[in-house]
Amino acid sequence: MSTIDYSEKIPNNVNLGEDRALKRALEQWQPGYLQWWQEMGPVETTDAQVYLRTAVSVDPQGWAQFGHVKMSDYRWGIFLNPAQEGRKIHFGDHLGEDVWQDVPGEHRANLRRIIVTQGDTEPASVEQQRHLGQTAPSQYDLRNLFQVNVEEGRHLWAMVYLLHKHFGRDGREEGEALLQRRSGETDNPRILQAFNEPTPDWLSFFMFTYFTDRDGKFQLCALAESSFEPLARTTKFMLTEEAHHMFVGESGVARVIQRTCQLMNELKTDDPARLRAAGVIDLPTLQRYLNFHFSVTIDLFGADQSSNAAIFYSSGLKGRYEEGRRVDDHLLKGQTYKVLAVDGTQLVEREVPMLNALNEVLRDDYIRDSVAGVERWNRVIAKAGLPHRLTVPHKAFHRNIGTLAGVKVSPDGLVLTATEWQARADEWLPSAADRAFVASLMGRVVEPGHFAHWIAPPAIGINRQPVDFEYVRFA
Amino acid sequence: MSGLATPVAGGMIRQHLIDPEICIRCNTCEATCPVDAITHDDRNYVVDASKCNLCMACVPPCPTGSIDNWREMPLPRAYSVQEQLGWDVLPEPLPAEELGEAVTPTTATTALTAASWSATLPPWSAAHAYTNLYGPGAKGTARQSPVRAAVAGNVRVTEVGHDYDTHHIVLDFGALPFPVLEGQSIGIVPPGVDAHGRPHHPRQYSVASPRDGERAGYNNLSLTVKRVLEDHQGQPVRGVASNHLCDLQVGDAVQVIGPFGASFLMPNHPKSHLVMICTGTGSAPMRAMTERRRRLRRAGGFESGRLLLFFGARTAQELPYFGPLQSLPGDFIDIHLAFSRTPGQPRVYVQDLMRQHAAKLAPLLADPDASFYVCGLRAMEDGVISALRDVAQQAGLDWPTVAGTLQREGRLHLETY
């Protein structure tokens, strides 16, 4: 079952050939998808041959096969992790019962909503990133961008498969709608706000893949615990792909930092103006980009108190991050969790029922994971012998969802008046001038082994290839 | 504990390492590893050399390439999980001259080779061990979580009135299948979370009771647990698991995973001899084997097998099971106790007693019916192995040949921590 059948029109490891109705439905959706990719996928890539990985099976030996592939010939398909025999529901009210192979009627609407929301982020990020290829800092980075893009496309396939197979006509309609919405479009935007923000430059792209794709990782991890077995199996395989996206972000930002530190040492300065004149992105600007992407992303976890979150958990639809590794009762009834609130001019912690605070629980898990990566960026600075450090802003900084929406809080957690915020916002979030400066650095570099001035080369290449390998063959 | 399942050639291993500077901690390798050799804390992802079987399943899925790092290492110097968790960068490969020394055990010092003599297979007459029935290494999601055992007893086995405090703890599994053999260990998951809000890592303890139960015919087992109040450097630290265990009341629940271990197992044929060398709580598996043999003997179950025990502690008061040991008949077990801190007495270590009793040990080294078991603090390994080597050489035996035979036949086992 783990081997993927590429002789089929839609490569799959789910015996699609045996389910004729489903196969017909997906084959009808496929042209719409390809058309969407033509219209909204990466620009000017039709003829380029890109060194991409393609799964031929979902086991370790087969899932990462590398080769030069024409982007327009990329084969998107449906890959599920193998089923685990005898898997039981391991949290919520149905704890200990067999997992569901089909959608129970009472959870149908909620599950559909979860799958559609997850599915919508996948094409959205492709749309957000479609122009980046024109300003790629190297072939290596261009290849990584395209890999991210095709895998986001495949993640859309994964969600549409679930919609078609398990949600009948509603599911097919949702599948169509996923191809109709457009990132940033006022009439028909993508569902989540962070996926309607533009990704205008490569620093934004790296920050997005570090912070926002990590949100994807945490959502997928929570769904991989689901009692709805097809969703759990699908998301488990998506997680293997998602790891690459976070790698692109983490290593991308690290390389920007490395280059900046190199220039700081050569010029013996930390003056942003001098560093900008030298063509690199100063650390304060990096900090502002970090503040922006971090704060926008933690909003994606939803309101700090949510009855939906409680229902999703108790009914077994969505677990916690690493649910299986936690040692508690996996029911959480009667337990509490601390969430932030504003009391006058101060942030205070309030104990609320844990079930209602599960969005906050996942957000806090996410924050811990994000902070660890920022510390690894700081090691790059420390290794260069410099005293500067990047920090993650306070959880209440620049929030637009939940209790903290609209409250003005500084990166170190002080509640501010609107006037105080206005006066200093440009110190904390990228200003128009910052964005214009970063945009001014963006220029296409496509000679193998060459890199834009503002970014260091990677430590190693992809799939043990050298850094100056021809990752993209242009027609 | 050192499981030492890695393929060994001339005391060398090809150790699999993850580059902490390139790794993004995405967990893909840990999720992929079929033998659960990859683990992590909030700093690093690392490979346990005693579990890694070099299957390479983790290599293609790694998004960064950080997974693809290898070092030729003499087995005793293999980087431990703890060491790797502390790294910011990969260490340089060992220089050729250090490697050259290590590959020829005859010329190398024992310091380089002590643990590498440990067998990876049990003796031929060992019973089949069940491993990884519960916990992250178990098959199937249903058994990934720890299981509950109830405390059926908790008694102190060192003399009261001193700062050391060792307990004999009996855990009952009720109707839950949890078969263990002498020499196996189990993992205890302490309750609560660590400073970072994560569940505690499980701690491994050797089973101190025989296979048919601490109380024969019941589904229970016992552990020997020393309350940890300071670390190996003498700094004050409260061991999370040991204090949890030592403070348990009868009826309390404990979270358990395991069992673990498939090589440190006793021979079962009725003429087999056991040589047991241990310090402190390293006595747990020795107590299990001894008790197994005691029950068999009472039932008329063995013929001529002999038991030889070298047991060290700082003082008699600190020696676990000191009282019960005294009451075992001399024709059943030959006991040699070494005390390294008895006031007014010279320091005596187990290896000193082994050299004194070379005449008893030498024939056993050459006897295919005799198996050797070493358990205790890691620091004892070198001393014990060099004592065995001296015993062999005095008797005109070629140590590398003897040691190679012991290892091949599953007759020499080291379990140190």
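This is a predicted model: local features need pLDDT of at least 70, side-chain atom pairs count only at pLDDT 80 or more; totals for chains, interfaces and linings use all residues.
Residues are numbered from 1 along each chain as its sequence is written, and chains are lettered from A in the order in which they are written.

**View 1. Contact between chain B and chain A.** Here 24 residues of chain B are in contact with 27 residues of chain A, two residues being in contact if their C-beta atoms, placed from the backbone, lie within 7 Å. The side of chain B that touches chain A has 11 nonpolar, nine polar and four charged residues; Ala, Val, Leu, Ile, Met, Phe, Trp, Tyr, Cys and Pro count as nonpolar, Asp, Glu, Lys and Arg as charged, and the others, Gly among them, as polar.

**View 2. Packing of helix 1 (residues 20-40) and helix 4 (residues 168-180) of chain A.** The two helices, which like the strands below are DSSP runs numbered from the N terminus (helices H or I, at least four residues; strands E, at least two), pack at an angle of about 10° with their axes 10 Å apart. Helix 1 of chain A is therefore roughly parallel to helix 4 of chain A, a term for angles under 35 degrees, taken from 0 to 180 degrees between the N-to-C directions of lines fitted to C-alpha atoms, for helices over the stretch in contact. Among the residues that meet are Trp29(A) and Trp36(A) from helix 1 of chain A and Arg172(A) and Leu179(A) from helix 4 of chain A.

**View 3. A hairpin of strand 3 and strand 4 of chain A.** Eight bridges join strand 3 (residues 336-343) to strand 4 (residues 346-353) of chain A, and the two run antiparallel. Lys338(A) stands opposite Glu351(A) in strand 4 of chain A, and Gly344(A), in the turn with two residues between the strands, has a positive phi of about 65°.

**View 4. An open sheet of five strands in chain B.** The strands follow the order 13-12-11-14-15 with parallel pairing, where two strands pair if DSSP finds at least two bridges between them. Strand 13 (333-339) and strand 15 (412-416) of chain B are the edge strands. Six bridges join strand 11 (residues 273-279) to strand 14 (residues 370-376) of chain B, with Met276(B) opposite Tyr373(B). Helix 5 (residues 283-298) of chain B lies across strands 11, 12, 13 and 14 of chain B, running at about 150° to strand 11 of chain B.

Terms used. Angles under 35 degrees count as roughly parallel, over 145 as roughly antiparallel, 65 to 115 as roughly perpendicular and the rest as oblique.
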